[in-house]
Amino acid sequence: MNLKEWIFTTDHKRVGVLYLIGSIAAFIVAGIMALLMRAELSTVGPTITSNPTTYNVWLYAHGAVMILGFQIPALTGFFANYCIPLMIGAKDVAFPRVNALSVWLFYVGIILALLTFFIPDPPDIMWTGYPPYSTITTGNTALYTFTVLILGFASIIGGVNFLTTITYMRAPGLTWNKLNIFVWCTLGAFVLQLIFVPVLGTAVTLISMDKYLGTHFFDPTRGGDVLTYQNLFWFYSHPAVYVIFLPFFGVLFEIVATFAKNQVFNYKAVVYAGIGGIVLLAGEVWVHHLYVSGMVDWIRVGQMVTTLLISVPVGLMLIGLVGTLYKGSITFETPMLYALGVLFLFLIGGLTGIPLAVASLTLHLSDTYYVVGHFHYVMAVAGTFSIFAGVYYWFPKVTGRMYNEFWGKVGFWITFVGTNIVFWTMMDIGVKGMPRRYYDYAHFSQFEGAHQLMTIGAVILGVGFAIALINWIVGAAKGQPAGDNPWGSMSLEWTTVSPPPHGNWPTPPSVSEEWTPYAYGKR
Amino acid sequence: MDKILKRLAVTSVAAAAAGGAMAAAGGAERVFDPAPGWDYLWKEVLIDISVIGILFALMTAYLIWRYRRTPDNVVGSGPRLSPAAAVGWVVIPTFVFMADDFFIAANGWALWNKYRDVPADRLEIQLESGMYSWDYTYPNGVQTQNELIVPAGKPILLRMTSRDTLHSHFIPDFRVKEDSMPGRVTYIWFLPKEAGKEHLVTCAEYCGVMHSYMAGRVVVKTPEEFKAWYETSGASAKKSS
Amino acid sequence: MSQHHVAHHDAHHGGHHAHWDTSVWPAVISIGILAWSLAFSFHFVYHQSFAGLITFGLGLPLILAGIAGWTSEAMGKGEGLSFGAMGWFILAEAMIFMSFFAYYWFMRLNSPAWPPAGTPELPVVYPLVMTAVLVGSSITIHAAEHQMDLGNKSGFLTWLVVTIVLGLTFLGMSVYEWTHLIHGGFTIATNSFGTTFYSITGLHGSHVVVGLAIFLAGLLPALRGNISHGFWRTASLYWHFVDVIWFFVVSQVYFW
């Protein structure tokens, strides 16, 4: 193997694999942060560190790295890079060098994020970075700003690249209504990235300008306003949830259709009403993060309605996904187990979000463990399970080898149990008043038992994820040869050899009138 | 360990049960107390989402079991929807979801207005938060720190601002919080009912290193006790200034 | 469009590729950007200006070499799709400006008095002259494109150089105005208007710099006769965008 051809590669598949390696490394680091936090919280008062700042840095790193370093890059970096050109029958993306630049910038971003653990005065401002704290702390806010800016720029050029690729490089005969749902979902996610990432970039730049260059964006004594930051920040960061949600739902659609050997239920509804609806509504709901932040009343009530309406497109996508099971022929290999697990986790996560859309209920629930439990169910765990499902699913394509099915299933069940122990308990004590981001819960010592239960659950969760990671490493090195299409899928990426060569196909594919990626009944 | 298992078992029921009891206790004559209103709405929404969730989960589980691979079911035969059916599968769920959304939104809005409309007969107290304390100033100039002494049965309005970072004055027992920040004034109100009780105040917005230690309490006194305390400390506040 | 792509595919799929494409320039640029990020932290956070200077000095040649290497390696190969891509990129760019304007409007409309104390009288004629210069450069780049379509290389180069000169004139006028205001005591730290004034005009100015950099990067191959239509159509689209944004800047910041 030629290392230079990997490091400086411009091939979309290798760029994708580099994204995967980087994001899994980020996942491991951020996961260790979670375990350290759970260890700290296993007793009231100091447990493994007596310095609250240390805990706050873990908390910052866990959130920032999981979202910016793991979920978004794994979904819009690895899956999009690896699958989109293959699914649309292209030999590569529109701008391969730009693609290489985006993965390199992603690594620069990861390096900056990980410097947190090696520099004096690391950032301790949470992944939200609210001023005034972020402009007066002794922590290094600039590191946070540059991490976000560089990862954001990588996302933007990646988005430009893929939107161009999907628009102009589809194989002959592959019309818009024959695209894989995953391609549609990713397209929606990239449109959201292009519109909203610049706003986040602006917001985080302004806090560093205030802190280091003497400006007064958020200084009320000179005419600035602290609330503006929160608006700019959430104007991106709520749509960021859909940047994660859309591709992971796309992955689920691919897996469920393949393992149910069935066509997607009501394809056009999923694409136009579901994905389209989410893209249209994504920018009008951010104020639900600011229900208790002192915004004017009318906008809080108005966005309560738009926030609740998000349930419509999400519900339509869920109907499409569950409907794909109807009259299917379902088998339960590891990717499918993870995907079906997500259905239930997402259901819990989505429904527990409804109270958080209601402005009056958030007066109690906001900034408690209920919120933390909810978004871990709906985004963190559902997203991560989908990423694991997708990696298992495309594992034979990427490596040409098979993972171990038995250990795959064991890993799934362990993580599934661990997840529910941790995050269900979290929501429960949140409703009872436990506030988030607490290094010490001396005023809530009645929750010590619950915290210990969550610590045990977190360890179980960690074991489950570790089994999956080890399974991949062993499978990639010594797994049985998998063949080109082990799942019997109709989708184009399975029509080439595993792993695909540079250029993907010896002769470019074209598709027939009857073909769709889900045309199972017609074989 | 026993405690842990028990908690796991009662978890789902506990939150639902907490609601009903308090709704009935609802407060003083004309004043609508938002806290029991919160518990009532929470219970209502919880029932709503539980019903949807259980129905959906059961249906999904049934589909998974019913359409598993068997020797005479080796390939899916999902329906190809007619245009009318395809549109129906969009329009009907959309209206069902929207009906539920608007039902919840309307109830949420009504309760929201109760939270935001402060009764005219109230005690108005200034709050300045800072790293890491709650500093209250009463109308007569009395100042307290981390201890909000209030008379039972009277609506309490806090006008809040901050001298440094964001903080959030959270009183779990009264189901209310709102951020305080430099440069703006925000408010919350609540209705203390039972004299002799103390309620925890805690910070709910990450404000710095000692965030988790930023706590205080609401001390509820009888109107008479409160009046006595208020007047004596008011007199000494005047003397010292 | 699709016909073009069928041909494109056929041309590149002669047989099985054992070879994998590589390019070192994305890595070179990225390492330069990493060095610059560290330079900021060294200088502003840890007050170690010498280390900051060194990392900045390391980053600069890497970024310049990266851009130069990239341009010479890739120019003329596959810019066919870059015009469409630039449209998406401009959407993202427009959102950056939108965020600044949203901040500016939000702050201004919430403010009891405007402009805040310490704001000097801004000139009226000067920004109009700047507008005329920038609009002029939009017209000249359009003329250059027209000459390119006619196949007139020297006409294209002439109009391109005129455009670059106009762009530089605009930048020079900006710099002059900033110096003038700063000498008058109005800086980015004066008040919230100073903060928005310098950040919005500075953000726009940085886009003029990027536009000129794109022109210069393409000028060298063009002088050697390598004129890529895709590249120049895209560069010109970006320049028009920078021009259009200026109307928002000038109307909101100077005249409102």
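Where in chain B is the place of Tyr132(B)? Tyr132(B) lies in the loop between strand 1 (123–130) and strand 2 (133–137) of chain B; strands here are DSSP runs of E with at least two residues, helices are runs of H or I with at least four, and both are numbered from the N terminus. A cis peptide bond, with omega of about 0°, joins Met131(B) to Tyr132(B).

Before I continue, a word on the model. It is a predicted model, in which local features need pLDDT of at least 70 and side-chain atom pairs count only at pLDDT 80 or more, while totals for chains, interfaces and linings use all residues. Residues are numbered from 1 along each chain as its sequence is written, and chains are lettered from A and ligands numbered from 1 in the order in which they are written.

Let me turn to chain A. Its secondary structure comes to 17 helices and 0 strands. Chain A has a radius of gyration of 22 Å, close to the 24 Å that the globule rule gives for 523 residues, so chain A is as compact as a globular protein of that length. The radius is taken over C-alpha atoms, and the rule is 2.2 Å times the number of residues to the power 0.38. Taken along the principal axes, the C-alpha atoms of chain A fill a box of roughly 65 × 50 × 45 Å.

Two backbone details in chain A deserve mention. Ser498(A) and Pro499(A) are joined by a cis peptide bond with omega of about -15°, and Pro499(A) sits in the segment after helix 17 (448–478) of chain A. Asp121(A), although not a glycine, has a positive phi of about 50°; this residue is in the loop between helix 4 and helix 5 (133–136) of chain A.

Helix 3 (residues 52–87) and helix 4 of chain A pack at an angle of about 160°, with their axes 11 Å apart. Axes are lines fitted to C-alpha atoms, for helices over the stretch in contact, and angles run from 0 to 180 degrees between N-to-C directions. That angle makes helix 3 of chain A roughly antiparallel to helix 4 of chain A, a label given to angles over 145 degrees. The crossing of the two is left-handed, meaning that the near helix is turned anticlockwise from the far one by less than a right angle; clockwise would be right-handed. On the helix 3 side, the residues that meet helix 4 of chain A include Gly69(A), Pro73(A) and Gly77(A); among their partners in helix 4 are Val103(A), Phe106(A) and Ile110(A). Two residues are in contact if their C-beta atoms, placed from the backbone, lie within 7 Å.

How do the chains meet? Of the 2 pairs of chains that touch, chains A and B have the most contacts. That contact takes 79 residues from chain A and 75 residues from chain B. The chain A side divides into 47 nonpolar, 23 polar and 9 charged residues. Here Ala, Val, Leu, Ile, Met, Phe, Trp, Tyr, Cys and Pro count as nonpolar, Asp, Glu, Lys and Arg as charged, and the others, Gly among them, as polar.

Between chains A and C, 57 residues of chain A are in contact with 53 residues of chain C. Helix 6 of chain A supplies the largest share of the chain A side, 11 residues. By class, that side has 33 nonpolar, 17 polar and 7 charged residues. Chains B and C do not touch; their nearest C-alpha atoms are 11 Å apart.

Helix 6 of chain A also packs with helix 2 (residues 25–45) of chain C, at an angle of about 160° and with the axes 10 Å apart. This makes helix 6 of chain A roughly antiparallel to helix 2 of chain C, and their crossing is right-handed. The contact has 8 nonpolar, 2 polar and no charged residues.

Finally, chain C itself has 8 helices and 0 strands. Its domain assignment gives domain 1 (1–74) and domain 2 (81–254), with bounds that come from an automatic or database assignment. The C-alpha centres of these two domains of chain C lie 25 Å apart.

Definitions and conventions. Angles under 35 degrees count as roughly parallel, over 145 as roughly antiparallel, 65 to 115 as roughly perpendicular and the rest as oblique.
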